[in-house]
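Visitor: I am new to this kind of picture and would like to learn how to read it. Could you take me through it slowly?

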Amino acid sequence: MDGIENIKAVLFDFDGTLTQPGALDFPAIKRKLDCPVDLPILEFIETQPPQEQARLMKTLEEQEVNAAISSMPNSGAEKTILALLDRGYCLGILTRNSRKSLETAFLNFSIIDQACFEAILAREDAPPKPGPEGIYMAADTLGVTTESLIMVGDFRFDIMAGVAAEALTVLLTNNKPSPMLPDDPAPDYTVSRIDEVLDIVL
Ligand SMILES: [Mg+2]
């Protein structure tokens, strides 16, 4: 696999990317929230009346924190982060999850911690992916342009946000079928394990 020159920063999705996939059972959460299966949760909540939105967000946050308690680092994730830091890259996290659930999940990491990342943007901090705003905000905090940043994530929205922000993108499949739909933008790279990022970002 060819390496990429001029990359200065690596921005990671959190759930299913730095953590093992499957901790958040999205179909179960959607059933609990009465969210249609074909709608993303945050976007569904936004369509509800204000009072209902508050109740649904509270339920979502409880579900996320419960999932975070048992969520574990993805295989090879901690080693990958350390290697990237060693190579001099600035690192960030951009997640649609709540900050509390991210902080809870980090308690199960043993080698790395939040201090490894110069930018951490949870949904309280930036408009959610697939919009590009969070990527621009992270790039700003990291002191790089989006063209010198690579976005790594396991879901369509990670790739869509990265492409919209003119960043390079890596789709992490975790050895599962690709989540991308036919009309989605194509990722620049596809890997099955997170440590394969080290073959791209040299
Ligand atoms: Mg994810």
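Visitor: Which strand do four bridges join to E1, and in which direction do the two run?

Guide: Two strands count as paired if DSSP finds at least two bridges between them, strands being DSSP runs of E with at least two residues and helices runs of H or I with at least four, numbered from the N terminus. Here four bridges join E1 to strand E4 (residues 149-153), and the two run parallel, with Val10 standing opposite Ile150 in E4. Four bridges also join E1 to strand E2 (residues 90-94), again in parallel, and Leu11 has Gly92 as its bridge partner there.

Guide: This is a predicted model, in which local features need pLDDT of at least 70 and side-chain atom pairs count only at pLDDT 80 or more, while totals for chains, interfaces and linings use all residues. Residues are numbered from 1 along each chain as its sequence is written, and side-chain values use heavy atoms, leaving out hydrogens and water.

Visitor: Are the residues on the faces of strand E1 buried or exposed?

Guide: In a regular strand the side chains alternate between the two faces of the sheet. Buried means under 20% relative accessible area, exposed over 50%, and partly exposed in between, using a 1.4 Å probe and protein chains only. In E1 (residues 9-12), Ala9 and Leu11 on one side and Val10 and Phe12 on the other are all buried.

Visitor: What are the protein donors of the magnesium ion?

Guide: Donors are N, O and S atoms within 2.8 Å of the metal (3.2 Å for Na, K and Ca), and sites may look incomplete because water is not among the atoms. Here they are Asp13 (OD), Asp15 (O) and Asp154 (OD), lying 2.1 to 2.2 Å from the ion. Asp13 lies in the loop between E1 and helix H1 (26-33) and Asp154 in the loop between E4 and helix H7 (156-164), so the pair ties together parts that are 141 residues apart in sequence.
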